[in-house]
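Have the coordinates open as you read.

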Amino acid sequence: MTLLHIAADTDPAEVRLHTTDPDTIAAELRSRGIVFDRWPAQPVTAEIAADDILARYRDRIDDLNADGRYRHIDLARLHPDDTDPQWPDLARAAREKFLSEHRHAEDEVRFFVSGRGCFYLHLEPEVVAVVCEGGDLVSVPAGTRHWFDMGSRPDFVAIRFFEEADGWIGDFTGDPIARGFPTLDELVAA
């Protein structure tokens with residue numbers, strides 16, 4: 001379920017909007033300059049190779065990148081592995097890496113093939129949380145302060161679009177704002 005949760009940036013308890021309505025989500029994000037789209041989701045498993053997943057979406061990728069802006073397109077994937085005793089520590093480390101507010105020098109564009117993740121956009125005077133699931137495309141504009149939560153049990157496949165090879169590197173703000181907001185797990189449980 002795609003979800004939009006908007007709260008005051010000074011008081012996470014001051015919820016201004018909480019909705020799963022796709023039309024409302026698209027309109028609210030568009031009014032804030034956030035690109036949001038839905039593509040038909042295709043089932044994937046952990047065994048399907050990255051190149052095969054990218055090939056399934058080639059037409060959509062080519063349309064999005066018609067101007068050749070994105071020179072680096074790849075796949076990010078995390079799946080729980082209960083057979084690996086190191087999995088909980090690896091998952092926790094991956095999650096914590098992006099839970100602090102940061103920004104990027106270029107747009108952060110993601111298409112969720114499967115699974116779920118939440119982008120928290122700090123757009124003063126509010127924080128706009130967008131829970132994305134399979135079929136959701138979101139583009140966070142360059143310079144937007146944000147953080148990302150992949151949940152306590154990360155499980156997603158996402159196509160990433162970059163202009164530069166180092167486009168994913170974050171400039172961390174040092175602002176502790178993320179600690180005061182509900183996590184992905186809390187948002188979807190509400």
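The lining of the largest pocket draws at least two residues from each of strand E4 (72-78), helix H4 (87-97), strand E6 (108-123) and strand E10 (156-162). Helices (H or I, at least four residues) and strands (E, at least two) are DSSP runs, numbered from the N terminus. This is a predicted model, in which local features need pLDDT of at least 70, side-chain atom pairs count only at pLDDT 80 or more, and totals for chains, interfaces and linings use all residues. Residues are numbered from 1 along each chain as its sequence is written, and side-chain values use heavy atoms, leaving out hydrogens and water.

The largest pocket has a volume of about 390 Å³. Its lining counts 19 residues, with Ala76, Phe98, Met150, Phe156 and Arg160 nearest the centre. A pocket here is an open set of points on a 1 Å grid over the protein atoms alone where a 1.4 Å probe fits, with protein on both sides within 12 Å along at least five of seven lines; lining residues have an atom within 4 Å of a point. The volume is the space filled by probe spheres set on the points, which are joined across faces, edges and corners.

Strand E6 also holds Tyr120. Tyr120 is buried at 2% relative accessibility (buried means under 20% relative accessible area, exposed over 50%, partly exposed in between, with a 1.4 Å probe and protein chains only). Its side chain reaches the backbone oxygen of Pro182 at 2.7 Å, and a polar atom of that side chain lies 3.1 Å from the backbone nitrogen of Leu184.

Now to the charged side chains. The structure holds 17 salt bridges, each a side-chain nitrogen of Lys or Arg within 4 Å of a carboxyl oxygen of Asp or Glu. Three of them are listed here.

| Salt bridge | N to O distance |
|---|---|
| Arg32 and Glu28 | 2.6 Å |
| Arg32 and Glu126 | 2.5 Å |
| Arg110 and Glu108 | 3.2 Å |

Shared partners join Glu14, Arg16, Glu28, Arg32 and Glu126 into one salt-bridge network. Arg32 is partly exposed, at 26% relative accessible area, whereas Glu126 is buried at 11%.

What is the nearest side chain of opposite charge to Asp9, which is buried yet has no salt bridge? That is Arg145, 5.7 Å away (Lys and Arg count as positive and Asp and Glu as negative; His and the chain ends are not counted).

Key
Polar contact = N/O pair within 3.5 Å; in protein donor to acceptor, adjacent residues only side chain to side chain.
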